[in-house]
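Here are a few notes to read alongside the model.

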Amino acid sequence: MIYVYKNYYKDDDKVCALKTLVPNIDANISTSINNLLFYKKILYYYNREVYNLVNIFDMNEYFNFILKQTDLNKEAENLNKFKDFFKNTKKIIIPDIFYHERTKLIMSYEEGVNLIKLKEQHSEYFEEAVYLMLSFTYVCIQNKILHGDFHFGNFLFRIENQSLIM
């Protein structure tokens, strides 16, 4: 749903990460929801028990939820919240935002390796890295917000001055 590119920011040649939505994502989501609604209607005639189970879900609410997930303004807002939560630590780095709109987000590019590569390359830091991830998650839960795309590629580690940062 999102393309990510490493690029240079136009104003000062800073390395940045550019996120853009897949072209026509809204139309693709709408088509998928309409197809799902069509199959739901057919299901009514083939299996009423499954139909009744599927009918519990409000498709309009689901559609709006999916569209909300593709709004990069919301991602920028959440990054700013994360930045605020972790402003007093040098162990957790949250990217700086240079520009955002609904379909585009430009932020600082942060170097690092994921947890698996860290374990392979610097196993002595592995346990600390896991604790950093747990600490990040704990603080987020305390503040009633979670990272919406929790995978290894979004949590990178690097060693600076013999200290691990995420």
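1. Helix H6 (residues 126–142) has 17 residues and spans 24 Å from its first C-alpha to its last, close to the 24 Å expected at 1.5 Å a residue. That expected span is 1.5 Å times one less than the number of residues. Helices (H or I, at least four residues) and strands (E, at least two) are DSSP runs, numbered from the N terminus.

2. A word on the source: this is a predicted model, where local features need pLDDT of at least 70 and side-chain atom pairs count only at pLDDT 80 or more, while totals for chains, interfaces and linings use all residues. Residues are numbered from 1 along each chain as its sequence is written, and side-chain values use heavy atoms, leaving out hydrogens and water.

3. Which residues of H6 are buried? They are Ala129, Leu132, Met133, Phe136 and Cys140. Seen down the axis of H6, these buried residues fall within an arc of 95°, so they line one face of the helix. The arc is taken from the directions from the helix axis to the C-beta atoms. Buried means under 20% relative accessible area, exposed over 50%, and partly exposed in between (1.4 Å probe, protein chains only).

4. The buried residues of H6 pack against helix H4 (72–85), helix H5 (115–121) and strand E6 (163–165); contact means heavy atoms within 4.5 Å. On the other side of H6, Glu127, Leu134, Tyr138, Ile141 and Gln142 are exposed.

5. Please also look at Ser108, in strand E4 (residues 104–108). Ser108 is buried, with a relative accessible area of 9%.
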